[in-house]
Amino acid sequence: MMIWKTIAATVALAGLTFPAFAQDGTPRQVSITVDASRSVGSLPPTWRFFGADEPNYATMKDGRKLLVELGALKSGDVYFRAHNLLISGDGTPAFKWGSTNAYTEDKAGKPVYDWTIVDGIIDTYRAQGIHPYLQIGFMPEALSSAPTGVPYRHAWQPGVDYGKIATGWSYPPKDYAKWGELVYQWTRHNVERYGRAEVERWFFEVWNEPNLDFYWRGSPQDFYKMHDYAIAGVRRALPTARVGGPDVAGAGGAFMDGFLQHVTAGRNYATGRIGTPTDFLSFHAKGKPTIVDGHVRMGIATHLMAADGGFTKVLSVPTLAGKPVVIGESDPEGCAACPGPENAYRNGTMYSSYTAASFARIWELAAKRKVKLAGIISWSFEFEGQPWFAGYRQLATNGVDLPVLNVFRLFAKLGETRLASTSSAQIPLEAVMANGVRGTPDVGTLATRTADGKLAVLVWHYHDDDVAGADAQVRISLTGLRRAAASATVWRVDPTHANAFAAWRAMGSPQSPDAAQYAALEAASRMHPETVDVTPGAAGAATLDLPLARQGVALVLLDGAR
């Protein structure tokens, strides 16, 4: 009963925080300039990574449907990370749980490998061109060193103390050699099933957030040993595999310091050599929403400071400073499966505008720190069979896309060459990191040149406080154009565009939509291109005007970039 009360409270608050989207006051005048002739660096598509605690959802009805959408974002170049891929069980998902039964033992203690369920999960990724960011874990029941009396499976539900999540699956192996052999056999099987070239594209990492006792019930040294045996198993099966880690929570503190020292200068527990192969480094960065005066206030500053702390940590060891970095989970807060008043931002445009503003700052921060950022994993997928718009951190609800998914579709339209751009209302990175966006809203921009020579300009209108506010009236001034187009194409995600949540509320918030309502919700979730006039100026110059609602995100695409 507790979960239903929590969900009801979340949906009720969501209804209050997204009133009628009426705007107060005169639109704010904002000037954006873009120089299409001046490149200022690259913008790798680091946004194309996603993940979830519950791996078995991928093979279910709505999970399969969502994977089609994710795979289409950037064909053949999307990655998915999942917890629980080595957990013992029959494959039935639950909150923060999943299983594949890949490893059991017979009565004599001999290993028995069964890849049926885990193959089904990876096959589902691959059917959509998605590659695994393969998390090796958690501990199979037959290998767990959990003390007698500790249950193997947790019974956690939303509203229950999060500490109860750490049960037998979170312990070190009682036999490291068997653990290493399991990883070797799994990797060898994957190479045989999917081909060497495909598996060479994967990221291999061990466990999740081992610096937290929610996930790791051993010492740091126990983890380094388990990591060594797993990486040795991967590399024994595929010497060219891309391996790294350790996907710590935050910057990882002393745990990460010890890990970095071990993989560079420590004696490898599995091989006896000095050091552990490390092709990439990974950590997690999260924000922290709160309730202020009855509304949600986001914690973008906390999120960015965590990212900066992780960047600083991985740069602290000279021999590793040039390695690619993955933010293995990057989200507005820390628990996708935990609804609650402070998480009532998730269904509507607060989540989508936050995503645009935070990714832009993480890209800027990585460039400032000269970090080779390879990926930013959004820990958001879907929760099968839950109430409509239940308040979980997800990309779709019951098969209907949420506004946030459309922001990733906008990211997919960006090019990989960044162009010089400024906004009169964009808050500087340092100020956002120090204070968040608590005064005037942040109306920012990011401009790129696409591979086919178009100009793609992303614009967002963000504030930490989930309250109504005035529109922005944006004038975009373009220079350095090869030729001035007569019009531009605009896609929008805002309170009245590509917003299934607003459409659902307008229907009366039905929990059992009929076929016509379902079709209407799907239609409301989709972006539709608009045509906006462009006014030519002097040679190579032009302007266009763009109204942008609070919590709105838009992408402008036009010909003429060099």
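Where in the chain is the place of Lys370? In this predicted model, Lys370 sits in the loop between helix 9 (349-369) and strand 13, and its phi is positive, about 60°, although the residue is not a glycine. With a relative accessibility of 71%, Lys370 counts as exposed, since the cut-off for that class is over 50%.

Asp293 is exposed, its relative accessible area being 78%.

The backbone also holds cis peptide bonds. One of them runs from Gly137 to Phe138, with omega near 5°, and Phe138 belongs to the loop between strand 6 (130-136) and helix 4 (176-194). Another joins Gly245 and Pro246, with omega about 5°, and here Pro246 lies within strand 8.

Strand 8 (242-248) leads on to helix 7, as it is included in what covers the buried residues of that helix, along with helix 6 (220-237), strand 9 (280-286) and helix 8 (300-314). The buried residues of helix 7 are Phe255, Met256, Phe259, Leu260, His262 and Val263; seen down the helix axis, they fall within an arc of 165°, so they line one face of the helix. The length of helix 7 (residues 253-265) can be checked as well: at 1.5 Å a residue, its 13 residues should span 18 Å, and the end C-alpha atoms are 18 Å apart, which agrees.

Returning to strand 13 (residues 373-378), we find Ser378 within it. Ser378 counts as buried because its relative accessibility is 4%, and, leaving aside neighbours within four places in sequence, it is in contact with Phe49, Phe50, Gly51, Ser330, Asp331, Phe359 and Phe408.

Phe408 in turn belongs to helix 10, where it takes part in the meeting with helix 2. How do such pairs come to be described? Two packed helices are described by the angle between their axes and the distance between the axes. For helix 2 (residues 61-73) and helix 10 (residues 403-413), the axes come within 9 Å and cross at roughly 25°, and the two helices are therefore roughly parallel to each other. Leu66, Glu69, Leu70 and Leu73 in helix 2 meet Leu405, Phe408, Arg409 and Ala412 in helix 10, and the residues of this contact divide into six nonpolar, no polar and two charged.

Technical notes:
Residues numbered from 1 in each chain as written. Predicted model: local features only at pLDDT ≥ 70, side-chain atom pairs only at ≥ 80, totals over all residues. Heavy atoms only, no water. Helix = DSSP H or I, 4+ residues; strand = E, 2+ residues; numbered from the N terminus. Buried < 20%, exposed > 50% of the residue type's maximum accessible area, 1.4 Å probe, protein only. Contact = heavy atoms within 4.5 Å. Axes fitted to C-alpha atoms, helices over the stretch in contact; angles between N-to-C directions. Parallel < 35°, antiparallel > 145°, perpendicular 65-115°, else oblique. Nonpolar A, V, L, I, M, F, W, Y, C, P; charged D, E, K, R; others polar. Expected span 1.5 Å × (residues − 1). Arc of directions from axis to C-beta.
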